[in-house]
Amino acid sequence: MTDESKTPEEAKDDVVKDEEPKADDAKSGDTKSDAPEEPSAAEKVLAEPSAAEKVLAEAEPKAEEPKAEEPKAEEPKAEEPKAEEPKAEEPKAEEPKAEEPKAEEPKAEEPKAEEPKAEEPKAEEPKAEEPKDDDGGDGDDGDGDDDDGAPSEPNETLGFLIEFETEEGLKSGCASVRDAGYSNWDAHTPYPVHGLDEAMGVRPTILPWIVFFGGLTGCLAGLGLQLYTNGIELPFSVTGVLGALVDPFLPSGYGFVVSGKPVFSVQANIPVVFELTILLSAFGSFFGMWGLNRLPQFHHPVFHSERFRRASQDRYFISIEATDPLFDRDRTLALAQRLGGTHLEELVEAEE
Amino acid sequence: VSETAADFNNTFDDPTRRSPLITGEHDLTTITDRICGVVEGKPPTIWWIALAISASVMSLLGLCLAYLFICGTGTWGLNNPVTWGWAIVNFVFWVGIGHAGTLISAILFLFRQKWRTGINRSAEAMTIFAVICAGLFPGVHIGRVWYAYYLAPMPNQMDMWPQFRSPLLWDVFAVNTYFTVSLLFWYMGLVPDLATLRDRATSRVRQMAYGFFALGWRGSHRHWHRYERAYLILAALATPLVLSVHSVVSFDFAVSQVPGWHTTIFPPYFVAGAIFSGFAMVLTLLIPAREIFGLKDFITLRHIENMNKVILATGSIVGLAYGTEFFIAWYSDNPLEQFAFRNRMFGHYWWAYLIMVSCNVITPQIFWIKKFRTNIYITFVASIIVNIGMWFERFVIIISSLSADFIPAAWDYYHPTWVDVLTFVGSFGLFMTLFLLFCRFLPMVAMAEVKLTYMELKHMEHNRHEAEALLAEAAQGKEATS
């Protein structure tokens, strides 16, 4: 919560801090890319820092909105922006196709990304293996087409994926995306990176409440169950046709006297109450967590990336999804380039 | 799978530096490769041999159970005073084994014992398999197994309900809750690692299978955030649960009137014994497993030493409880109680009592000496001895008390039959088969947790270096000014 309150100020600071070095990075990266035809396309994008600044300028007032995070998780992702986007991009929609190289431009950076890696031979091994798995990976996501409603054109962008090699890089990257006001984005890590909550503006979860009410239910259910089955007998019995109907569903309890002890005494019922409290709290925790996380969800834009396979192993990623209200292919791309990641990839629907 | 030639000794106690929890040169990539390698590579020959033996032994269990279902519990060695025989002994034994897993995964987590990450996955798996074995015995000991559902409060036309004041019913609830919560906790921990296996899968089948159980986990930090919270809550729930389970098991005895059972010391005494035997079983399983699957870097000597310390502590608690029982029997001035304990030590079952004390009380005392704690061969043998001792503890408590209870005319000596013996042996087959399959198909070490610990320690180390550099700088500055 405090994050949000800080955001506007921090946003400025961070932007100022982050922008310069990263803009440089992007430039140097692009000058390195050897592909001769690209400069024009690349420059277009790079020419946009000014545009990007505009975005940031626009975003700043909105920077107060990152609250959207949790609610977002609960609401079915805002569909309006989606509806708007295609329209807004419709004129451009031709462009990306025509300018395919542009779409792939981030990929053109790959050689650059690999340069530092060449220093660590280990890191490259899995990469070499990746292409083999290509088909499998895409196939898995193949059925995902119907996932997000609107049947998308094969090359429509689903978002951007930025790879990082260090926690620190990831954290500063996250802070930048947060400050740019995006809501439908995420960090992906092979293990929980502590300190990322602040960098992402993640708010505390309501999970403990679910657990509490689960436990309360268990406690009362345990007590009620024992009271009903052992402690009381129905004072009436339903007979006749109605009885035949009701009886199977309304069995009476049965008070059974043992050693002259009371039929119902709380002490003797505590162990079962305790176990049921624990059991239902655990259910609340386990199922509540998956429910809040919206899992299982077998299809997601990030799974279109072959590189993303390392998110569960040894790399850190930031994904910005096209469903975000602020998402604009060019401006988001510019932002993504400034995050300081080692690799940038556009997520597109798997062809075929 | 490459192995480090000799165990790196990380058992030093140097307060100025942390002993590494992962030995050898590792980073995130190699940790993943090594742990996934066990699942992805070819299984070693010895795994096949072990699986073949375990599966054969498990089939004994199937045959014995079939025989039992057809002929009834008369095939067991039960007699008039000893109406609870090996089935209950085995039940308590197996449930107790399970406790170490929960202790490691939940209690050590709350205590922030970072070394637990190397062993918690396999210990939790062991818990689940042990509870499966345990649940088998009360399930079949009722004789007409097709009426087992009467254990649950099922609405029926007779308005017949379970008796909730009975400790046996508490047990049904405790053990079922324990199994369920352990399973949820274990599975939750597995999900991120299953996602890793999914992402590394090279075959379609693997990808689908691991992918299905990984639930589409994508390492999202928003997910991790709630995941860690849920993990903490589950640990906090499992902690009182595990203490309650063996307490409730001990109520089966303590709440009854039988001399030798009717004591208030039972709950803590049973819990300590459970942890004691459980850690012994973890060692029995992991010492060979780390060797066979090349996981010595993650399950290090220090892990083994720490577990031996727990064994020493709980073994001593158990020894103290044995002594206390005798003291209270004498102090109570209750002749029946006094007789029960005299009978335990000097009666017909003196041999069982002797085995129990020498295995449980005397054996673990060797772990006062560091040399023994850090020797895997001695540890392995000791862990088996402790397991034997703990089985005999339950045997002594149950059989010796029942065989000579109130009326001397009813006393009888208890002999197990071959069905008893083979059923128990068969349960080991079931346990080992499940564990071997686990080693082969699931990540034996909790990768995500190991990575987290690894990175935390790395950051700490980094900070320490920085602090030292600053200090050195400051010291230099001081010198310069003076």
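Pro296(A) is found in the loop between helix H13 (266-293) and strand S3 of chain A. Helices (H or I, at least four residues) and strands (E, at least two) are DSSP runs, numbered from the N terminus. A cis peptide bond, with omega of about 0 degrees, joins Leu295(A) to Pro296(A). The model is predicted: local features need pLDDT of at least 70, side-chain atom pairs count only at pLDDT 80 or more, and totals for chains, interfaces and linings use all residues. Residues are numbered from 1 along each chain as its sequence is written, chains are lettered from A and ligands numbered from 1 in the order in which they are written, and side-chain values use heavy atoms, with hydrogens and water left out.

The loop between H13 and S3 of chain A also holds Arg294(A). Arg294(A) is not a glycine, yet its phi is positive, at about 55 degrees. Most residues other than glycine have a negative phi, and most peptide bonds are trans. Arg294(A) counts as partly exposed because its relative accessibility is 43%. Buried means under 20% relative accessible area, exposed over 50%, and partly exposed in between (1.4 Å probe, protein chains only).

In chain A, four strands form an open antiparallel sheet in the order S2-S3-S1-S4. Its edge strands are S2 (185-188) and S4, each pairing on one side only. The twist averages 20 degrees from one strand to the next. Two strands pair if DSSP finds at least two bridges between them. Strand S1 (residues 157-164) of chain A runs antiparallel to S4(A), with six bridges. S1(A) also pairs with S3 (residues 316-321) of chain A over six bridges, in the antiparallel sense. Glu163(A) has His343(A) as its bridge partner in S4(A) and stands opposite Phe317(A) in S3(A). Five of the six residues of S4 (residues 343-348) of chain A are buried, so this strand is largely enclosed by the rest of the structure.

In chain B, helix H7 (residues 221-254) packs against helix H8 (residues 266-292) at about 125 degrees, with axes 8 Å apart. Axes are lines fitted to C-alpha atoms, for helices over the stretch in contact, and angles run from 0 to 180 degrees between N-to-C directions. Contact means heavy atoms within 4.5 Å. Residues of H7(B) that meet H8(B) include Leu243(B), His246(B) and Phe253(B). On the H8(B) side, Phe266(B) and Ala274(B) are among them.

Asp333(B) lies in the loop between helix H9 (301-332) and helix H10 (335-346) of chain B. Its phi is positive, near 60 degrees. Asp333(B) is exposed, with a relative accessible area of 60%.
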